[in-house]
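Good morning, and thank you for coming.

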Amino acid sequence: MNLLVVVADTFRADYLGCDGNAWIQTPNLDQMAAEGIRFNDFYAEALPTLPVRRVFYTGRRCFPFRYYPQKSDMVQLPGWHPLFDEDVTLAEWLRELGYCTGLISDVYHQFKPGKNFHRGFHSWQWIRGQEQDALVPTPDPDVDLSGYAEDRYEENDPRRRMAAQYLNNRAWWSEEADHYGAQVLGAASDWLEQYGHKRPWMLWVESFDPHEPWDAPKELADAYLPGYEGPEVIFAQPFAAKHTPEEVARIKAHYAGECTLIDRWMGRLLGTLRQQNLLDDTIVVFTSDHGCMMGEQGEIHKGADRVRIQVSRCPLIIRHPDPQYAGRVVDGFVQHQDLMPTLLKLAGEAVPERCNGEDFWPLVTGERTGGLRDYAVSAFGWYACVRNARWAYHTPWIKLENPRPAELYDREADPDELVNVIGEHPEVARELDEVLRAYIGDFEVGGTVGTGETPAAIPGLKW
């Protein structure tokens, strides 16, 4: 069995038509869901970009995090580091089993100096130029930003320099196919045409879109917000109040446009599989690492203190060649670490002992119901969230100065996690806090993960 996995960075689960979004246009992914299985409750375990890839590639949870300073990297977060030497990646495992393995990615964090996320792949293709990847040397922000909201930012605001770098990188674009998401998925189609008959194979595709910069083709942005005449916002500020309401609407239109762009080129990729007569022996996966805030609670972007449902819930669609699974929707908690062992089991292969995720296919066949676990734990930086069927509890997981206070959301009354009810239900918060402590204590990462007591966010709640 061949494996094709597509990860679209920052693609919110609720920005799919098949997830019930009547505004977004994702016909190809909706059709893939109709022919396959969609998972309603798929959550990240460790965020953001690189921790997620560590979990995806190893089938192993990585929270609680270790913190390793990263040389020459603007991102300094716990969990943001290369794979460990002792890790066993999906690509390495399948390669030893005789699979041809390929990686195509424009997630430039993966190929910064010192990172090693191409480990185990026979071939890898880096597509340069996303965000502030220095494809074109840009020592000074000398690009004309007058048509962009970034020209209002302070001179030392990093978004100003990021916008300049990005605009230099993509100065040569002339059509939709030049956008990075199109380049990545187009390269995946080319790989399938060249190597898709060297069976068995596993192709892992990483698209940074729809991650910011939110810069959809004008046709798509205009389709979601016709008649807009203001500046384009490439790198939005983290709070909606920093922009006009019209600019916030345009940010949402660009994000939606990038989701539709990914959908269009996913359609082309699936078409290539069909043309190459590969659909009948290929498992196709579409998923994401995380989502982002799009104005909820006045916030834009993801963030270490933003692990609410908009950020931590991810799409997961799996198209299996067997048509008996077509159109199924699976409820119950499944997480990133569960994807690798599940794919290996579906391919008829053994699972490395180092994987501690679980095979979730019994949820599809009906041999098991209710998800793999009662709680889903998601962490980003020094903050974590514990969810069960009823509640979502957000808190710092180590002692911080001036932290965002703990939050509790009633998922039944408030499925979008917008109204903090921790004051009304402190006993629920204490119970979920104990669950989080147990989760942290159950996993040995080698050395300390933090010192001191976490803040007493509500009366009677201590660590």
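In what order do the eight strands of the open sheet run? The order is E6-E5-E7-E1-E8-E12-E2-E13, and the pairing is mixed. Here helices (H or I, at least four residues) and strands (E, at least two) are DSSP runs, numbered from the N terminus, and two strands pair if DSSP finds at least two bridges between them.

Please note that this is a predicted model, in which local features need pLDDT of at least 70 and side-chain atom pairs count only at pLDDT 80 or more, while totals for chains, interfaces and linings use all residues. Residues are numbered from 1 along each chain as its sequence is written, and side-chain values use heavy atoms, with hydrogens and water left out.

To return to the sheet, its edge strands are E6 (123-126) and E13 (328-330), each of which pairs on one side only. Neighbouring strands are turned by 10° against each other on average, direction ignored; axes are lines fitted to C-alpha atoms, for helices over the stretch in contact, and angles run from 0 to 180 degrees between N-to-C directions. Strand E2 (residues 37-39) pairs with E13 in the parallel sense over three bridges, and Phe 39 stands opposite Val 330 in E13.

Which strands does helix H5 touch? Helix H5 (residues 180-195) packs on the sheet against E1 (2-8), E5 (100-105), E6 and E7 (201-207), and its direction makes about 170° with that of E7. Contact means heavy atoms within 4.5 Å. Helix H9 (residues 339-346) lies across E1, E7, E8 (282-287) and E12 (316-319), running at about 165° to E8.

I turn now to the interior. A nonpolar core is a set of buried Ala, Val, Leu, Ile, Met, Phe, Trp, Tyr and Cys residues joined through side-chain atoms within 4.5 Å, where buried means under 20% relative accessible area (1.4 Å probe, protein chains only). The largest such core has 64 residues, and those with the most contacts inside it include Leu 4, Trp 201 and Leu 203. Helix H7 (residues 245-275) gives the most to this core, with 13 residues. A second, separate core of 52 residues includes Leu 83, Met 340, Phe 360 and Cys 385.

Finally, how many disulfides does the structure hold? It holds zero, a disulfide being a pair of cysteine sulfur atoms within 2.5 Å. The sulfur of Cys 62 is too far for a bond because the closest cysteine sulfur, in Cys 355, is 13 Å away.

Technical notes: Buried means under 20% relative accessible area, exposed over 50%, partly exposed in between (1.4 Å probe, protein chains only).
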